[in-house]
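Reader: Can we go through the charged pairs in this one? Keep it quick, please.

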Amino acid sequence: MLGILSCMSSISFGGNKTSDSLLIQRMYDYRRNFAAEVCDSTRNIYVKYDVDVQKRNASLALVPSLYNISRGMRMFVGEMYGAIRFKDVKHYDIQKELQLTTVPHSSNILPTITQYLVPDIYGIDLLEGILLSPFNRQNKLYYFLRVTPVSNKYSIVTYIPRARSTQLVKGFALVDNMTGRIVNAKIIGEYDMTEFSIDLEMGDITKNNSIIPLRSTARTLFKFTGNRISTTHIAVFNCSGTIPDSITDKRKAMNYLRPVELTAKQRGLYDHFYGNTDSIPTTKRKASTWDMIGNHMFNSHSTGSAKASVRLSPLINPLYLSYSGRRGLSYHLRMGSTLNISESKRISFSPQFGYNFKIKQFFFRTPLRYTFSNKHKGWIESDVANGNRISNFQLPDYFNDFNTRLSLNYQIGKVELTPSLRYHSRTAVSPEAVRADGKETKYNSFAPSLKLSYTPSPKWPTLSANYERGIKNVMKSNMDYEKWEFDASYTKRLQSLRTLSLRTGYGFYSNRRVNYFIDYANFHENYLPDGWEDDWSGEFQLLSSNWYNTSQFYYRANASFESPLMLLTFIPKVGKYLESERAYAGFLLLDNTRPYTELGYGFKSRYLSLGVFVSFLSMSFQEIGCKFTLELFRKW
């Protein structure tokens, strides 16, 4: 990297355009023509990091993983030695075999920074789903590239974005003139409240590891509500050291394995934390009661091994707030646990809890799944939940819905079969009003159902058919009905992280002897959405909740187009905050109503997702509304 820096002062944006273009094409084609993939490969890795809390205030405790450094010391150092196993360049697991850190309670702070150490420089996106790579042909419209020869063997390729977007980066790379291989690279950008600068020394083509780094250094500056935290992470791959079978002193073991020397400042931090000795004290510092309470309130927690894992989201986190004019303010929490029985068998439990402030209702779901075949997508799942309040013009009240479901799923060829048993117990919110109208205050339904899904190929839509039949006099069921639903959904991944999503569906009741509740599986109200990746592109945001439960049939069609650079991205001082934009369109037809149309535009930023929608009956304007979900620290 020093060699690149020494040449930057002499760069002039000239040169032979033909040869420059040829070198850029070789760089684009290098992975396809020369590079060996790293699928299912394992190598040793060493990571050293410094953390400097330059400024902080009380809000730092709200940031996931940073509660333990929100007070006390301001400078920290840590090291890790272990193994990294690549499924492919973007998907890998790091197994920490030896770890030292001066962070209180050995907390894993700023975990998202680790991904910057292993960018996929030849891929469309540098990191999974974000940051368009300047070294990929699909993204050439988003970058200006200039070539400056520095010798007969190497040239420097500099790149700057055509628009100021958080999805675009700048920097330069030293490129082999003959093959187009990137030897060294510098990548500078800003994403998710973090400014970053990455220096990469890439692997050697002769050793079949040229698409991942030999060494990388990531310098970051995290800024949030007046807090400033700078970090430096250094990663060294392909380390040759072997951890002793029996480790009695971690510091001495790390001294033996460490491929990069500690600085005097780092040694001083270790000495201060451990007590000016090479050995780690056998007695650990105890956390106070307030430390333990705060840690559980503001931090997400995960623990586990190869056999089992548990994850709990923070109890206090603005990420879980969402709002829409139709559905009001919602807050929700998630948990997750997995028990791996074998490679193809596991048990997972993923409960969700939430509260909607507009209707003052607590929601929960408790899906418990046993997976018995990964190859055939075979699983059995039970779910106990309380659904959205349901209403009907024939009843003078809303009804709460407590329901249970038992499902089996199995794939045969390209067809998935999902038989289920469903039970609903619906109780009037105000039973006195229902009795006064001469109606029942409680309705139970027991229904077997069968869903068939067919996907001809990844390039074709997924088609599904769902049949459900209510049976009376089973578990006190007093409802008899029969319904059908048909659905087709298709997601097309376009160039440069753009996505086109299409969905259409039709449903109807073929038999309904109790004319009170209409409850479709693919057309229903959702009071607890889950951010940008939820059903924004497949639901109607301004539709009155009563419309979902009144029609003998429905026909719906929804479409959305998503792009990291669309409209607002190109507006100065605005685009740099946007991560993605979407355009929406929805059409709905019910019996006894005019056609309903909904159009919308939304964007996702580092802080929130915001959508603005307008609705029409036939061609008549109805209303305009908005929806937002906080996106703070979603990937933290």
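Author: Start with Glu562, which is buried at a relative accessible area of 15%. Buried means under 20% relative accessible area, exposed over 50%, partly exposed in between (1.4 Å probe, protein chains only). This is a predicted model: local features need pLDDT of at least 70, side-chain atom pairs count only at pLDDT 80 or more, and totals for chains, interfaces and linings use all residues. Residues are numbered from 1 along each chain as its sequence is written, and side-chain values use heavy atoms, leaving out hydrogens and water.

Reader: Which residue forms a salt bridge with Glu562?

Author: Arg582 does, with the closest N and O atoms 3.0 Å apart. A salt bridge is a side-chain nitrogen of Lys or Arg within 4 Å of a carboxyl oxygen of Asp or Glu.

Reader: And is Arg582 buried or exposed?

Author: Buried, with a relative accessible area of 5%.

Reader: How many salt bridges by this rule?

Author: The count is 26.

Reader: Give me another pair. What meets Lys604?

Author: Glu579, in a salt bridge of 3.9 Å, N to O. Glu579 is buried at 5% relative accessible area. Lys604 is buried too, at 10%.

Reader: New topic. Which residues are linked in a network of salt bridges?

Author: Arg365, Arg369, Glu381, Asp383 and Arg405. Within that network, the side chains of Asp383 and Arg405 meet at 3.4 Å, N to O.

Reader: Are Asp383 and Arg405 buried or exposed?

Author: Asp383 counts as buried, at 5% relative accessibility. Arg405 counts as buried at 16%.
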